[in-house]
There are 2 protein chains.
Amino acid sequence: MRPPVIILVRPQLGQNIGKAARAMLNFTLADLRLVAPRDGWPNPEAGPAAAGADDVLDRARIFDTVEDAVADLVMVWATSVRPRDMVKPVTTPEKALGEARSLAVKDQSTGFLFGPERSGLTNDDIALCDAILTIPVNPDFGSLNLAQAVVLVAYEWYRLEGEREVWKGDPPVPKGELDGLHRQILAELDAAGYFRTKARRPVMERTLRNLFSHARLTSQQVQTLRGVVKAIARGKPGK
Amino acid sequence: MRPPVIILVRPQLGQNIGKAARAMLNFTLADLRLVAPRDGWPNPEAGPAAAGADDVLDRARIFDTVEDAVADLVMVWATSVRPRDMVKPVTTPEKALGEARSLAVKDQSTGFLFGPERSGLTNDDIALCDAILTIPVNPDFGSLNLAQAVVLVAYEWYRLEGEREVWKGDPPVPKGELDGLHRQILAELDAAGYFRTKARRPVMERTLRNLFSHARLTSQQVQTLRGVVKAIARGKPGK
């Protein structure tokens, strides 16, 4: 398994390098490469912004040129908010990271190129890439910052690892326990003379079933509701 | 079409409010709500950080409580990196924003709650929500910052623009109507002398909130339940 490499091309602010490192590690990416960082390397402003992702910074590799930085990679995407007029396939984060993952599991290294904060990647940079990854943004407000672009790419990497939806907490209640609650409410309504016509009772029964079956209640919650019904039915202490 | 609302609960730094506004507008979200921002509002540090998304800040609405901020919303997600041990369904950004979109196309308003930078949402905040949106992060490095959490939610909103699924069935009830049901039940329990110690009342309140927010009730169902509570409380005809 070879997770993709994040390559910052001529980054300007040490703070943004640190933020990018943090964003990477949030989503398990750890291989950072810097091409000709403006203020040299190491940069004292990167560490604090990394907020604990120092390991990523310490192991970052520095290159003079993009060519060198991508030499060992089998596929490289240029990230860009607005694709230039170039003959390159343009793809979404989801598709690009899906491809990166399918290569990673075959131990093939891939990379994502991010341009300088102000100007973005040049046509020469992009020419070294296989495709352009375009993050879909508001056409009227597309000023995504560097760390945010990195976090979205890293997030897509991790998201595709496997959708894990987890049911936290207790399992839903067996239907029999729910029935007990329905019967109790109906009995109290009977006692209160709620049903003026017999026909309304099955309608209410169905309504209650629909309502509580939706609710995915736990046993504890059913017990609480039964206590509530009992207490309200008993009425005022002096009654 | 009603895009979801972003609700920052007790945000601490104006800078983060600005960054959140920028992240929202990058992905076409424009409805920002602030609950009790620590340093008041407006905050002079928000504007520069918004980097042009001033409109979102100018139109932000301020609330004293989370209850007020979500009163008109039919479905609310609590965002959290690590779900607490609570009885709420836990879902992914993709699923949650898919649901939000299916409600948006039916002109139903939804919202996403983000907690304060340091401490996150409280259990009382979460009790007001229908589900917990957990952003899947590196289990060994999960310190996602506020603006990054917002950008990921906003990104998922925009990413799913192509995939419109329509909400099946009746729309869920606005939170304000649910609150009426909670208050009615608590009032009846008060009248019945149910709470022997004052401390138990807020526990019951949270329990009821959790329970009914799960249920995705319709307005009709809430009315039915209110009628049931009233009838049972009134008690036997001869009493």
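Where in chain A is the place of Lys19(A)?

A: Lys19(A) sits in helix 1 of chain A, which covers residues 14-26. Helices are DSSP runs (H or I, at least four residues) and strands are too (E, at least two), numbered from the N terminus. The model is predicted, so local features need pLDDT of at least 70 and side-chain atom pairs pLDDT 80 or more, while totals for chains, interfaces and linings use all residues. Residues count from 1 along each chain as written, chains are lettered from A and ligands numbered from 1 in written order, and side-chain values use heavy atoms without hydrogens or water.

Lys19(A) has 24% relative accessibility, so Lys19(A) counts as partly exposed. (Buried is under 20%, exposed over 50%, partly exposed in between, with a 1.4 Å probe and protein chains only.) Across chain A, 49% of the 239 residues are buried.

Now look at its partners. Set aside the neighbours within four places in sequence. Lys19(A) then contacts Ala49(A) and Ala147(A), plus Lys19(B) and Gln148(B) in the other chain. Contact means heavy atoms within 4.5 Å.

Two of these names lead to the next part. Ala147(A) belongs to helix 7 of chain A, and Gln148(B) to helix 7 of chain B. Each helix 7 spans residues 146-159, and the two pack at an angle of about 65° with axes 10 Å apart. (Axes are fitted to C-alpha atoms, over the stretch in contact; angles run from 0 to 180 degrees between N-to-C directions.) The two helices are therefore roughly perpendicular to each other. On the chain A side, the meeting residues include Val151(A), Leu152(A) and Tyr155(A). On the chain B side, they include Val151(B), Leu152(B) and Tyr155(B).

Another pair also joins the chains. Helix 10 of chain A (residues 219-234) packs on helix 8 of chain B (residues 175-191) at about 55°, with axes 8 Å apart. That makes this pair oblique.

Finally, step back. Chain A holds 10 helices and seven strands. Take its contacts between residues at least 6 apart in sequence: 82% join residues at least 24 apart. Lys19(A) and Asp179(A) are 160 residues apart in sequence, and 54 Å lie between their C-alpha atoms.

Note on methods. Parallel < 35°, antiparallel > 145°, perpendicular 65-115°, else oblique.
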